[in-house]
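Here are my notes on this one, point by point. Have the model open while you read.

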Amino acid sequence: MAGRFDPLNRTAVRGGRTDVPPGRGGTAGAGAVERRWTPDGPVDLGLTLGPLRRGPADPTFRTTPDGSVWRATRTPDGPATLRVSRTGTGTGTATEIDAEAWGAGAAWLLDHLPALLGAGDDPAVFVPRHRLVHASHRRRPGLRLTRTGLVLESLIPTVLEQKVTADEAYRAWRRLVRQYGEPAPGPHGLNLYVMPDPRTWAMIPSWDWHRAGVDAKRSDTIVRAVRVANRLEEAAAMDLPEAVRRLEAVPGIGPWTSAETLQRSNGHPDAVTTGDLHLPGIIGYALAGDRDADDAAMLELLAPYAGQRHRAARLVLLAGRTPPRRTPRMYRSDIGRF
């Protein structure tokens, strides 16, 4: 089982670790469109879809005791809910995938199911160059890089994460999605929500951004982005350099935000994150014992993984090895109280 040998700490969670209970799903829900897909290798649903989860109470993402992963999303055809579960034998990886979808975008979601579960990813080309990376890779044969094909749903929560703690960003995401989104189609009882459409994001008043703890710099970036939503969504079909240029043409979107977005929307194995407060130190400490590594040192350590640097960084994060803390945690604030 993925993560069995490594600690479940914030670093591993940032690497995309989401534990899915053992199980093989349940019966089809009323009104669902169904599909069964057979991948060409093992797929760990928690590791593959985990990066799409924005905190433990993300209103767009759920895991359930029967071993299902649920997602509520806004597709080009409209809102939709997706449920995926594994079939066959094994403790954590899937030999077959059962999927059900509800809503106007159900057919779109099922058409894109293979890409979502890493069909376009080729983990066989990855060659570990460090002992820790090799061990992390060996323990996770079902790790695939997801490709949602949807830019805005990853871009907006990523902008919310700029220059604040993860808890602050998750709180803002929960509040805004529940207040301005819409209940997800499909079975009741999961309390899932579909994020707002671009027009609704653009119409959120300044005082509600403030109450959600989002400063003007981040809210203005989101508003600028949703005003060119169609152009940004085109980046999902672009090569990495072109997609980066398209996203970073919007003021307020820099290398950190574009990389974190394209890792999910495009599933590119080389979309390495730079400009991060913690990642260089984590990579440096794990691979070279250098807790003070900067971006340049991190990129030098990841150079042997050219073309696969994002995958290598994820494997390091999933190992959960972090330098001992020697400074206070980043200050948590809530501007909504002011």
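1. Start at Thr-257, which sits in helix α13, residues 255-265. Helices here are DSSP runs of H or I with at least four residues, strands are E runs of at least two, and both are numbered from the N terminus. Thr-257 counts as buried because its relative accessibility is 3%. For these labels, buried means under 20% relative accessible area, exposed means over 50%, and partly exposed is in between (1.4 Å probe, protein chains only).

2. A word on the ground rules: this is a predicted model, where local features need pLDDT of at least 70, side-chain atom pairs count only at pLDDT 80 or more, and totals for chains, interfaces and linings use all residues. Residues are numbered from 1 along each chain as its sequence is written, and side-chain values use heavy atoms, with hydrogens and water left out.

3. What does Thr-257 touch, leaving aside residues up to four places away in sequence? Its contacts (heavy atoms within 4.5 Å) are Leu-155, Thr-158, Val-159 and Gln-162. Ile-156 is 101 residues from Thr-257 in sequence, yet their C-alpha atoms are 9.5 Å apart.

4. Among the buried residues of α7 are Tyr-170, Trp-173 and Val-177. Their cover includes α6 (152-160), β7 (193-194), α8 (198-203) and α9 (206-211).

5. Two backbone spots deserve a look. Lys-163 is not a glycine but has a positive phi of about 60°; this residue is in the loop between α6 and α7 and is exposed, at 75% relative accessible area. Asn-191 also has a positive phi, near 60°, and lies in the loop between β6 (182-183) and β7.

6. On to charges. Counting a side-chain nitrogen of Lys or Arg within 4 Å of a carboxyl oxygen of Asp or Glu as a salt bridge, the total comes to 18. In one of them, Glu-161 pairs with Arg-54, with the closest N and O atoms 2.9 Å apart. These partners are 107 residues apart, Glu-161 in the loop between α6 and α7 and Arg-54 in the loop between α2 (45-49) and β2 (61-63). Both Glu-161 and Arg-54 are buried.

7. Finally, a network of salt bridges links Arg-14, Glu-260, Arg-264 and Asp-276.
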